[in-house]
Structures are given as C-alpha cells and as structure tokens.
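I opened this notebook to record what I looked up in the structure shown below.

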Amino acid sequence: MADTQTPAIAVPVRHVFAIYWRTWFAQIRSIVEYPADLWVMASAGAVWNILQFAFLAVLFANVPDVAGWGYHEMLLLSGLLSVAGGCNALFWDGAWSTGAMVIKGDIDYRITRPAPVIIQVGSSHIGMQSIGEVVFGVAMMVYGWIGAGIGFAAIPIGVLAIACAAVIQSALVTALCAVNFWIKGQASIFAFLMIELQGNAMKMPLGIFPIAVRLVAMFIVPVAFINFVPVAVVTGHMSAWWLAGIPAAVVGSVLLAAGVYRLGLRAYDSAGH
Amino acid sequence: MAFATIAFKRKIAYKTTWLFSVLFGGWALLAGLAVWNHLIGDGEIGGYDWQSMKAYLVIGFLTTTLAWAGAEWDMANRILDGLVAIDLTKPVDFQRARAGEYIGGMMASVPAAVLGTVIAVLVFRPAGPVSPLAAALTVFSLLFIFPLAFGISYLAILCCFVTQRFLGIQWAKDSMVAFFSGMMIPIALMPGWLQGVAWAMPFVHFTTTPASIYLGRVDTAGALGLIAAEAAWAVGLLVLGRLIWRQLVKKVTVHGG
C-alpha cells in the first residue's frame, strides 16, 4: 500500500536500483564460484597499474617536471584515471557487451523483461581486473596526494571527484558502445578508441597537446573532467571554478548515454537482419 | 596456409576494423610525438635527440600496428565459447592452425601499416638509418615480429582456459608489451636492473631491437646477436605454448559440463 502512495516516478527509480543491485550481487556470487578467474583477472588489473607507476618513476628519474607538473601530481592523474576505468569495469562492465548482444540477438531477452534494457546490460558482467585497477589506482592516488602535499581539507573534493569520474567514464563508454546498434561488430571499437585516447593523452598534462586536442577532451568528449580537471584544481594548476564543470559533465554524459541507447534500441532489429 | 588465407580475407573484408587498427597506432604516435617533443626540446634524453626519437616512435608505430593486428580475439573466443572442443576433434594441430590465422590477420594489416609509416616519415622527417646494412638488418629484424607476436598472444589466450573473459588478460599483455618493448618509455631511460629485466623478456624486440639497429645504437655484430635472440624467442615461445597447452587442454569444460 505504501508504494501506491509514493509519487509515480519514485517507484520505477527504486525498482531500477533494486534490479541493478540484485543482478550485480548475482554476478558477485558467480565470481566467488571461480576463484582462479578472479585472481588471474585481479592480477591483470594490478599489472597494468604497476607498469603505469613504473613509467612515471622512470620518466621522472630523467626529467624534473612535465609542463610544470611534478611526479606526485602525475601519479594523481594516472591513479584517478585507473580508478575511473576500474569503477566502470566493477559496476558497469556489461556495457562493453552491447555489440555482442546486438549481433547475437541477446537484446531480445532484455526487451521483454520489465526493467530498462540499459540497466540489464550494464549490470550483466563484472570485469574482475577492476579489483586490481581500483586498489592500485587508489594507492597511486594516496601516494601522489601525500607526496604533492595537498592536505586533508581537499579530501571531500577527491572523494567526489572519484564518484563523478566513475559515472562520466561509464556513461561515455556506454554511449560509445551503443554505436554498435548501428555499426555491427563484436568489438566496441569507438569505446576502445576513447580508452586509447585517455591512456595516451590523459595521463599527461593537457597543456603539452595542441589546442584541438584540449578542446576535444574538455568539451566534445569530456574525458578531461574524469581525471585532469579535478587533479589540476586540487594541485592548483587550474582555478577552483572549473570544478563546476564536473557535475555538468556528469549530467551531460549520462543524458548522452541514455539518449544514444534509447535511439539504438529503436534501431535494433534483432539478430539476422 | 589455408587458415592464413582465410584470416587474411576475413580481415580485409572488415575495412573499418582495419582502419581503426591504424587509427589506434596513429593516435598513439601523435601523442608520443607531442610528449617527447615537449620533453626533449633541443636537448637529448637517454642518448635520443629529437630526430632519432622521431625515428624511434615511427618504428614503434609500425611494430605495434602489426603486433595488434593479429586475430587474438578469435583465438580467445574459440576457447571461451567452447569451440576448442570441436577443434580437438579436427585432424589439424590447434597451435599451427591458430598461427596460420593469426599471421594471416597480421599480413592484412601490412599495407596499412606501411602506408601509415610512409606518411609519418614524409610528414615528420625522422632521422634516417645509420647505414644501408643497418636498414636491411632492421627490416630483417621486423620479420620476427610475426612469430613473436603470435607466441605471446598464444600464451595470453591460453589463460582463457582458467578465466571467463579475455579483456583483462589482453590489457595486462598489451601493457607488458607497451612497457617492456620500450614503446611507453625507451629502455635506455630505465635504471640498470630494469633494463636487465626488459632485455631478458621477448617484448623488447617489438620496438627497441629494430630501433636500436636502425639508429646504430648497436654495431653489426650486436645487431646479429639481437636477431639471433629474436629467433630463439620465436622458437622458445612456440615450444612453451605447446607445453602449456598440453596441461591446460585437460581442463576443457564446455558450458560448465
């Protein structure tokens, strides 16, 4: 009875969250059944981060700074990027399966169920490399944070930045994976391209890149708001006003993902056509 | 050979994938040029001035474009989907068949990789080879990328017998290749012990070996020694893959049964 008295919109949202967590916990239960898988994947994520750490350590043994950015500040950049990618894999890895589901007609099942398709797809898998990514990413951040002498006062900004980074990253990946509704293929090439772009450019201070790259990363595909802007603000390379851009990027990217997915589902014509 | 031809045809049929493999490499090249241009300026780091660093990065572009073009997802999916069970019933050696497919896939990317390299050379004007002999030995050393890339990918996909997805393994493998090949940062900049670790692994031959021969950082005898090491790794990885396969194939479970 209580449910009927709540506003109409509240019920679906609660329902959606309930569905999401139920599916997510079901994935966790299945992971625990395959411990070998878990450890191999977690170590794979750890390897990736340890090598990022090594890269920066070697680089800064040879140069004093990169465009005015020190070792610890760059560790923060890499760490936050890893955590964002890790959170995507931990909470929303299923988005990467969109292309495969479209080809195999797996979206059919999802359409018939009484829950948003995007929620079902997003929660359909957990990338276990995320455990290594998140743990080592946070370790890099903490080490960089202390080394850069940022202090405790900015910790709430750091926590908020992680949450926003995870959402922007997942939303942009979802939007780009949804391109596979039109361009059929198992691999989510556009999302991979974005990850590549981030891996190559966003671990570095944006200032060393040409203006076109900076504009794209800030305003077209707002990957800069995932790690660069929050780190630049807490380390004093950018004015605090830029923080306002982060929630805007969150809202923009989530709306984009939901919009592209909805259009994609309209264009979806099941397997074999 | 038949498998290689099929993989080649399959690969060139999907022109977008093809285009993207060059785009990935091209983007990494541009980002690398921007970063190292900023770092080196008019000076030099680790014995690389701007001209030789450009040559180094272009060689890295060529080798990584080739190395990433192999059909490793097809191999991985055969194990993950359980198709490997059917492969076991075929009178074809699994490793040899996959090698054919993989190298066929790589061959399909050769024209694009070469075209990309020619464009990069014309646009960025990197340092030339130190001698005609060095140029010839560089090309020869590049040929070993094919068996080496397959050997490493094959070991990576064998992990799929114990995992449920390939993505994480692929990232771990790619990051090992990127770091220890010297693509992320030249081996010469690493501390001595890490250089030792890098030279003891096969990844170093993806970028550092051809670039060192090309730029004359090793003499002719050194170049021949490096090529011999490449050949040894190519054979060693194939044998290792075979030994591991023999153990893992006992684990095949299809759809949990």
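**Interface of chain B with chain A**

I looked up the interface and found 31 residues of chain B in contact with 32 residues of chain A, a contact being two residues whose C-beta atoms, placed from the backbone, lie within 7 Å. I note that this is a predicted model, in which local features need pLDDT of at least 70, side-chain atom pairs count only at pLDDT 80 or more, and totals for chains, interfaces and linings use all residues. Residues are numbered from 1 along each chain as its sequence is written, while chains are lettered from A and ligands numbered from 1 in the order in which they are written.

I then asked which elements give two or more residues to the side of chain B that touches chain A. They are helix H2 (15-40) and helix H9 (167-180) of chain B. H2(B) gives the most, with eleven residues.

**Fold of chain B**

I looked up the secondary structure of chain B and found twelve helices and two strands; these are DSSP runs, helices being H or I with at least four residues and strands E with at least two, numbered from the N terminus. Along the sequence I read the pattern α-α-β-β-α-α-α-α-α-α-α-α-α-α.

**Dimensions and packing**

I recorded spans of about 65 × 40 × 30 Å along the principal axes of the C-alpha trace of chain B. In chain B, residues 24 or more positions apart account for 83% of the contacts with a separation of 6 or more. Of its 257 residues, 46% count as buried, that is, with 20 or more other C-beta atoms within 10 Å of their own, C-beta atoms being placed from the backbone.

Key
A residue is buried if 20 or more other C-beta atoms lie within 10 Å of its own, exposed if 12 or fewer, and partly exposed in between; C-beta atoms are placed from the backbone.
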